[in-house]
Amino acid sequence: MSFTVTHCTVTTNSITIAFSDAVDTSAASTGAANRSNYTIYDPAAGFSVPTNPDPTWQVASLDPQTILISLPA
């Protein structure tokens with residue numbers, strides 16, 4: 001199945017990604033809630049080298065098509 005990112009919102013402490021179809025929302029190796037499946041790159045925000053979110057970042061499914069990645073409170 002092929003799908004695309006339909007919307008992405010980035011704030012100072014979260015990233016919300018919406019996909020065109022439902023995704024596997026588990027934290028399994030290929031799941032959308034697995035932080036290792038994402039790479040963050042933003043030199044202005046201190047991510048000058050592409051990196052995966054570290055284990056302190058929360059990854060949650062808002063619905064079958066939307067994932068929220070957020071910094072710890």
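Reader: What is the bridge partner of cysteine 8 in strand 2?
Author: Isoleucine 17 is the bridge partner of cysteine 8. One thing to keep in mind: this is a predicted model.

Reader: How do strand 1 and strand 2 pair, and over how many bridges?
Author: They pair in the antiparallel sense. The pairing of strand 1 and strand 2 runs over 5 bridges.

Reader: And how many residues lie between them in the hairpin?
Author: There are 3 residues between strand 1 and strand 2.

Reader: Back to isoleucine 17. What does isoleucine 17 stand opposite in strand 6?
Author: Isoleucine 67. So far, then, isoleucine 17 has cysteine 8 as a bridge partner and faces isoleucine 67 in strand 6.

Reader: Over how many bridges do strand 2 and strand 6 pair?
Author: Over 5 bridges, in the antiparallel sense. Strand 2 covers residues 14-19, and strand 6 covers residues 66-70.

Reader: What about strand 5 and strand 6, in which sense do they pair?
Author: Antiparallel, over 5 bridges. A hairpin of 2 residues links strand 5 to strand 6. Aspartate 63 stands opposite threonine 66 in strand 6.

Reader: Zooming out. How many helices and strands are in the chain?
Author: The chain has 0 helices and 6 strands. From the N terminus on, the elements read β-β-β-β-β-β.

Reader: What is the radius of gyration of the chain, and what would a compact globule have?
Author: The chain has 12 Å. A compact globule with 73 residues would have a radius of gyration near 11 Å, so the two agree.

Reader: And what box do the C-alpha atoms fill?
Author: Roughly 35 × 20 × 20 Å, taken along the principal axes.

Reader: What share of the residues counts as buried?
Author: Of the 73 residues, 26% count as buried.

Reader: Which strand gives the most to the lining?
Author: Strand 3, with 3 residues. Strand 2 and strand 3 (40-42) each supply at least two residues of the lining.

Reader: How many of the lining residues are nonpolar, polar and charged?
Author: The lining has 8 nonpolar, 5 polar and 1 charged residues.

Reader: How does one find empty space like that in general?
Author: Rolling a probe the size of a water molecule over the atoms shows where empty space is left.

Reader: Last one, aspartate 24. Where is aspartate 24 found?
Author: Aspartate 24 is in the loop between strand 2 and strand 3.

Reader: Why is aspartate 24 called partly exposed?
Author: Because aspartate 24 has a relative accessible area of 42%. Buried means under 20% and exposed means over 50%, so partly exposed is in between.

Reader: How far apart are aspartate 24 and asparagine 34 in sequence and in space?
Author: They are 10 residues apart in sequence. In space, aspartate 24 and asparagine 34 are 9.9 Å apart, C-alpha to C-alpha.

Definitions and conventions
Residues are numbered from 1 along each chain as its sequence is written. This is a predicted model: local features need pLDDT of at least 70, side-chain atom pairs count only at pLDDT 80 or more; totals for chains, interfaces and linings use all residues. Side-chain values use heavy atoms; hydrogens and water are left out. Two strands pair if DSSP finds at least two bridges between them. Helices (H or I, at least four residues) and strands (E, at least two) are DSSP runs, numbered from the N terminus. Ala, Val, Leu, Ile, Met, Phe, Trp, Tyr, Cys and Pro count as nonpolar, Asp, Glu, Lys and Arg as charged, and the others, Gly among them, as polar. The radius of gyration is taken over C-alpha atoms; the globule rule is 2.2 Å times the number of residues to the power 0.38. Buried means under 20% relative accessible area, exposed over 50%, partly exposed in between (1.4 Å probe, protein chains only).
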